[in-house]
Amino acid sequence: YDTFMTVSCHSYVDTSISLEQIENLHKRFQRLSDNEETISRKHLDSIPSLDNNPIKKQIIEAFFDKRNQHQDEVGSCEEIGFEQFLMVMSHFRPPSLKTTEEEKEAMRKEKLRFLFNMHDTGNDGTITLVEYRKVVEELLSKSGDIGQEAAKAIADAAMLEVASTNVPHMDPDDFYEGITFEHFEQILKGLEMETRMYIRFLDVETPTLRCGKSTS
Amino acid sequence: MAELRLARRSSFLPLTGLMCVLLLVFVSVASASRDVTRGDSHNQTNSTAHKKAFPVLSFNYEHVRKPFEISLWILLALLMKLGFHIIPGVQNIVPESCLLIGVGLLVGGIIKAIGEEAPVLDTKLFFLYLLPPIILDAGYFLPIRPFTENMGTILVFAVVGTLWNTFFIGGMIYGVCRIEGGQLASVDPLSCLLFGTIVSAVDPVAVLAVFEEIHINELLHILVFGESLLNDAVTVVLYHLFEEFTHAGTVTVVDAILGVVCFFVVSLGGILVGAIYGILGAFTSRFTSHTRVIEPLFVFLYSYMAYLSAEVFHLSGIMSLIACGVVMRPYVEANVSHKSYTTIKYFLKMWSSVSETLIFIFLGVSTVAGPHAWNWTFVIVTVVLCLVSRVLGVIGLTYIINKFRIVKLTKKDQFIVAYGGLRGAIAFSLGFLLTNSEMKNMFLTAIITVIFFTVIVQGMTIRPLVDLLAVKKKKESKRSINEEIHTQFLDHLLTGIEDICGHYGHHHWKDKLNRFNKAYVKKWLIAGERSTEPQLISFYNKMEMKQAMMLVESGSTAQLPTIVSSVSMQNIKPRGPARQRAIPSISKSREQEIRKILRANLQKTRQRLRSYSRHDLMIDPFEDNVSEVRFRRQRVEMERRMSHYLTVPANRQETPPVRKVCFESEHKVYTYDDSKSPRGWTAEPDPSPPDAVSLLNESSQRANQSSEHRAKHNDELRAKVPDEKEEQDQLKLSRCLSDPGPNKEEDLS
């Protein structure tokens with residue numbers, strides 16, 4: 001149990017997730033891992049309510065992605081412990097009234113980085129057209145028999161938009177390699193990620209209104 | 001140049017003024033002409049004995065009097081509105097609502113001076129005819145996402161805030177009356193509470209009128225506006241409650257409890273009625289594919305019925321109307337044609353605009369006309385109390401609400417919410433309904449003063465205050481496809497994370513609702529295969545359509561930033577193996593010749609428009625499951641007549657064909673089918689027979705481009721050709737050059 005106290009001393013997570021929530025997450029972790037120390041992909045795969053999610057694979061993959069551990073490593077693990085689990089979860093904490101503007105900026109960058117890593121399956125720092133197409137395909141995967149063309153068209157249009165917003169003048173012979181993180185930030189800055197990408201559960205100050213707890 | 005424009009504008013001024021004066025005279029003459037016609041008929045009876053000549057020209061005004069006067073009033077109102085927009089500079093200082101009230105005062109003054117009886121804002125007229133269009137417009141176009149995200153806050157402000165306002169104002173007024181004595185001593189507590197109810201409700205019409213012009217950010221807009229809509233239930237319940245009590249005399253605990261129950265019945269009942277009519281409307285729209293012309297009427301009528309039905313049972317008509325619009329909209333929009341959608345939008349905007357204008361003018365007229373009982377203490381105290389209670393209410397509630405909100409409301413936000421609590425015509429009409437005559441005039445005067453104060457003073461000063469406080473404004477950018485993709489992605493991501501956490505939150509239930517909607521509801525309410533179309537695809541289609549239409553309507557590149565960029569699909573697609581160019585390229589001079597000929601032909605073709613009957617609209621390819629054959633037939637027919645436009649034969653090895661819409665005249669919408677190349681079109685750069693020019697060659701320099709981005713290429717090319725003057729034509733042409741989409745995508749929509 002003490003190891004989890006030391007986790008909470010991790011400077012990154014320290015001020016943002018309360019002890020109570022770390023305990024709750026720990027309980028959840030235990031249940032998912034059948035009381036073992038680590039969880040692997042198959043543990044997360046077996047959550048029944050995830051089956052309806054079109055991007056299930058990407059979400060699970062994000063937990064095992066080393067880039068989300070803020071330790072400058074790349075690649076993916078086979079199993080993760082509670083600390084890494086918590087690290088991934090910390091990406092979803094909301095801002096509070098006390099968060100300053102710089103902290104909000106940093107939070108936004110962090111969340112966008114998380115999304116970027118989810119898209120950039122090739123680990124090369126850019127989202128290529130192929131990767132982006134895959135993203136859109138997966139998004140539409142549970143929506144019936146759409147076919148590849150629609151996804152391709154949408155991804156192409158989206159890519160074109162990113163390119164034209166960020167690099168307005170390209171010669172006909174230039175090639176836009178892929179969406180870099182800066183371009184990604186630029187294109188999504190209107191969405192204000194820090195106010196959207198959060199789970200209420202992880203907010204320190206608000207009382208959690210629990211509508212129901214899954215027992216699976 | 002600017003002086004000329006100014007001069008022209010100022011020449012409108014006397015013209016408009018003259019017209020208005022004429023109208024005013026007309027109105028008063030019209031109402032005075034009752035006597036004239038009576039005189040005529042009298043003469044008639046006297047002269048029946050003699051044979052009279054056949055009347056070539058006779059005057060019978062009575063016959064058309066009522067509709068004539070109504071039309072005159074509406075015309076006057078609209079001319080006023082027109083006038084305000086023509087006068088430069090006025091708009092930035094004074095919000096339109098103030099100007100309209102001013103005009104109303106003026107007109108009322110004139111009518112009173114003439115000695116005629118001015119029309120008053122009749123309660124029935126207001127609640128049954130003037131209010132519903134505004135509410136329907138607001139409800140139908142309510143931005144759902146911010147509304148549901150802030151629902152808790154909005155409900156707290158609407159319910160608790162209004163209750164607080166009512167009791168605070170009512171209580172304090174009673175206290176002041178007691179202290180003051182004299183004329184006010186006879187005011188009993190229930191009347192005060194009733195008065196408090198009437199004067200404390202934030203008015204949606206006034207809020208809309210003022211907030212439309214200041215463009216603040218979405219959150220604040222939806223907070224104040226949502227509050228003004230939802231507090232109707234509270235107002236209705238409290239009003240009827242206190243009115244009943246005033247007649248009954250005594251209040252018991254049971255009555256109070258019944259009042260609370262009544263509140264739930266009124267609000268939930270209203271929503272239920274609205275939802276039922278909404279579903280009926282959606283269901284009806286499923287079958288309207290053959291009678292497109294009457295589609296908008298269904299929307300309007302079902303909504304109006306929802307409102308009236310709710311009013312029958314004394315439920316909250318406003319909430320019913322909102323619920324109807326909200327429920328109906330996604331399904332109706334999926335079912336109706338694009339033209340019907342535009343019609344609905346414009347009719348709603350038009351009616352709500354007219355209603356709003358009329359309401360404010362009548363407010364001014366009624367102020368001059370109505371019986372007044374001015375009591376300095378009462379009025380001043382009311383105004384002050386309204387402000388104070390609003391501020392206190394907002395601060396207190398925000399303190400509590402912020403404990404439950406993630407995105408907290410800052411002090412600036414609180415100020416705007418408090419300052420934006422405007423009162424309007426609903427308060428006035430409710431006051432008019434009061435039966436107790438001795439207090440009524442005094443109350444009415446106070447209500448009018450409060451309305452004037454909030455609309456004029458607060459309405460005028462809110463804009464400079466917003467600028468002063470640097471409140472975040474509405475971001476003007478349109479929704480991009482990337483944002484849409486990521487919004488959906490985020491939804492699924494957060495739902496997934498919630499599932500992993502084992503925590504059933506906000507996203508989990510929203511996801512469940514969406515799935516239920518998709519699995520069951522959409523099947524029933526949406527016609528054909530649109531029911532399975534995912535949101536992303538319909539968004540994408542809509543966006544493409546919008547871009548195409550904007551292009552045609554504006555006719556210039558300036559408005560579309562994406563066109564200005566020279567990035568095209570070629571820059572993005574990975575380089576494949578070098579492809580054979582099947583089409584030879586042509587020289588620049590040839591290009592210019594071709595363009596000249598095309599331009600000339602384009603003008604000729606414009607005149608050869610096909611007329612269409614009222615009953616048979618163009619088939620809008622986006623939603624009909626029309627077979628390929630039909631498309632082909634249409635296209636062939638069109639090609640025969642407008643042979644100058646061409647479809648590009650594709651080298652479509654890798655890029656998927658995308659459906660593209662080509663607008664070559666305002667009346668027609670066709671799609672091209674690319675894979676079926678035009679018969680006989682080859683890459684002949686021979687411009688001599690005008691009918692056989694193929695524009696292929698223009699784009700051949702950039703062959704193998706994919707669909708929608710060819711337009712951008714042609715703009716590039718165009719930039720290189722220096723003698724371009726008629727950009728409009730060019731753009732139309734280049735748009736038409738985009739590739740037709742194949743019909744695989746028909747299955748989607």
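The model is predicted, so local features need pLDDT of at least 70 and side-chain atom pairs count only at pLDDT 80 or more, while totals for chains, interfaces and linings use all residues. Residues are numbered from 1 along each chain as its sequence is written, chains are lettered from A and ligands numbered from 1 in the order in which they are written, and side-chain values use heavy atoms, with hydrogens and water left out.

**Exercise 1. Check the span of helix α2 (residues 19-32) of chain A.**

Step 1: the expected span is 1.5 Å times one less than the number of residues. For the 14 residues of α2(A) that should give 20 Å, and the end C-alpha atoms are 20 Å apart, so the two agree.

Step 2: look at burial. Gln21(A), Ile22(A), Leu25(A) and Phe29(A) are among the buried residues of α2(A).

Step 3: see what comes next. Asp34(A) follows α2(A) and has a positive phi, near 55°.

**Exercise 2. Now treat helix α6 (residues 123-140) of chain B likewise, and find where α6(B) bends.**

Step 1: α6(B) has 18 residues and reaches 24 Å from first C-alpha to last, close to the expected 26 Å.

Step 2: the bend is about 45° at Leu131(B), with a proline, Pro132(B), following within four residues. That angle is taken between axes fitted to the seven residues ending at a residue and the seven starting there.

Step 3: 14 of the 18 residues of α6(B) are buried, so the rest of the structure largely encloses this helix.

**Exercise 3. Describe the second largest cavity and what lines it.**

Step 1: searching the whole structure turns up 15 cavities of 30 Å³ or more. A cavity is a set of points, on a 1 Å grid over the protein atoms alone, where a 1.4 Å probe fits but cannot get out; lining residues have an atom within 4 Å of a point.

Step 2: the second largest cavity has a volume of about 90 Å³. Of its 13 lining residues, Ala201(B), Val202(B), Asn231(B), Thr235(B) and Ile426(B) are the closest to its centre. Volume is the space filled by probe spheres set on the points, which are joined across faces, edges and corners.

Step 3: α11(B) gives the most to this lining, with four residues.

Step 4: zoom in on Asn231(B), found in helix α11 (residues 218-248) of chain B. Asn231(B) is buried at 2% relative accessibility. Not counting residues up to four places away in sequence, Asn231(B) touches Ala158(B), Thr162(B), Ala201(B) and Val202(B).

Note on methods. Helix = DSSP H or I, 4+ residues; strand = E, 2+ residues; numbered from the N terminus. Buried < 20%, exposed > 50% of the residue type's maximum accessible area, 1.4 Å probe, protein only. Contact = heavy atoms within 4.5 Å. 1 Å grid on protein atoms, 1.4 Å probe; cavity = no way out; pocket = protein on both sides within 12 Å on 5 of 7 lines; lining within 4 Å.
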